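I opened this notebook to record what I looked up in one structure. The entries follow the order in which I worked.

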Amino acid sequence: RKTCDEYQPQFSFDYSIVRIPFQNWNAVWESNFQPVSIDHRLRIRAVFHDSDPSFPLEIVIQPKMSFGTGHHATTYLIMEAMLDLDFQSKKVMDFGSGTGILAILAHKLGSREVWATDNDPQCIENAEENFMLNECRNIHLTRGGINTISGIVYDIILANITRNTIIENLAVISLKLQPGGLLIAGGFYEEDLGLLNEKASEYNLSLLKTKTKDRWTMAIYKKTE
């Protein structure tokens, strides 16, 4: 590896070296990780928090490098929307599952079967751990993109990713949704909604509902054909 000094002839920059005293960074991290509650209907906690039986639903997460603990506005908005929808006996896909938190909630809300995909091996490992922690036995986890799983048409597709990834996959998402099926999308800003609506309409996906939190937006689309 090159040192900073070796780059000095090529670039003009300053740097300093500070030695950080030893700390138990895991303990510091755990002390800052707080449980998340949504409308007192759902509580998301880490494995090192005590359970709270006053909540009807609880999800336990072993937070690592994967995205999705409920703290970020995008995850919060989608989970909030999910609590108001009928998941009973539905076939659900969690596209870009991260920690698997949305797949877990779909399972707890009564889905018949849930499929989860992610292309990051660390996410796959973390999701498997979280599925076990929450005793989710009907979630099928696969590494890859939305086309990794073939031959299944879903009632609900969850996509908490990014605007561009959602747009790039709208054609496939539409094909994989039942007529009347729902796409619950997040991971984009409020100002991106117009573009997403325009692209979604090209694939028979009609906007039903949106909600924004801290500039981040969740949108629910229904397949019209």
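In which strand is D118 found? I located D118 in strand β5; strands (E, at least two residues) and helices (H or I, at least four residues) are DSSP runs, numbered from the N terminus.

I noted that this is a predicted model, in which local features need pLDDT of at least 70, side-chain atom pairs count only at pLDDT 80 or more, and totals for chains, interfaces and linings use all residues. Residues are numbered from 1 along each chain as its sequence is written, and side-chain values use heavy atoms, with hydrogens and water left out.

**Entry 1**

I then listed the contacts of D118 (heavy atoms within 4.5 Å). Leaving out residues up to four places away in sequence, D118 touches G96, S97, G98, C123, I124, T142, R143 and G144. The side chain of D118 also reaches the backbone nitrogen of G98 at 2.9 Å. For a distance along the chain, I checked D118 against L207: they are 89 residues apart, and their C-alpha atoms are separated by 25 Å.

T117 lies in strand β5 (residues 113–118). I found T117 buried, with a relative accessible area of 0%. With residues up to four places away in sequence not counted, T117 touches M93, D94, F95, G96, S97, T142, G144, G145 and I149.

**Entry 1: the seven-stranded sheet**

What is the order of the strands in the open sheet of seven? I read it as β6-β5-β4-β7-β8-β10-β9, with mixed pairing; two strands pair if DSSP finds at least two bridges between them. β6 (139–143) and β9 (205–213) stand at the edges with a single partner strand each, so one side of each has no neighbour in the sheet. Neighbouring strands here are turned by 15° against each other on average, direction ignored; axes are lines fitted to C-alpha atoms, for helices over the stretch in contact, and angles run from 0 to 180 degrees between N-to-C directions.

I counted six bridges between β8 (residues 177–189) and β10 (residues 216–223), which run antiparallel. A185 stands opposite A219 in β10. Helix α4 (residues 121–133) lies across β5 and β6, at about 165° to β6. Helix α2 lies across β7 (154–160), β8, β9 and β10, at about 40° to β10.

Why is helix α2 (residues 73–83) described as largely enclosed by the rest of the structure? I found that 11 of its 11 residues are buried, so the helix is largely enclosed.

Two packed helices are described by the angle between their axes and the distance between the axes. The axes of α2 and α3 come within 11 Å and cross at roughly 10°. That makes α2 roughly parallel to α3 (under 35 degrees counts as roughly parallel, over 145 as roughly antiparallel, 65 to 115 as roughly perpendicular and the rest as oblique). In this contact, T75, I78, M79, M82 and L83 of α2 meet I101, L102, L105 and A106 of α3.

**Entry 2: the three-stranded sheet**

Three strands form an open sheet in the order β1-β2-β3, with mixed pairing. I noted β1 (36–38) and β3 (57–61) as the edge strands, each pairing on one side only. Five bridges join β2 (residues 42–46) to β3, and these strands run parallel. The bridge partner of A46 in β3 is I61. Helix α3 (residues 101–108) lies across β2 and β3, at about 150° to β3.

Notes. Buried < 20%, exposed > 50% of the residue type's maximum accessible area, 1.4 Å probe, protein only. Polar contact = N/O pair within 3.5 Å; in protein donor to acceptor, adjacent residues only side chain to side chain.
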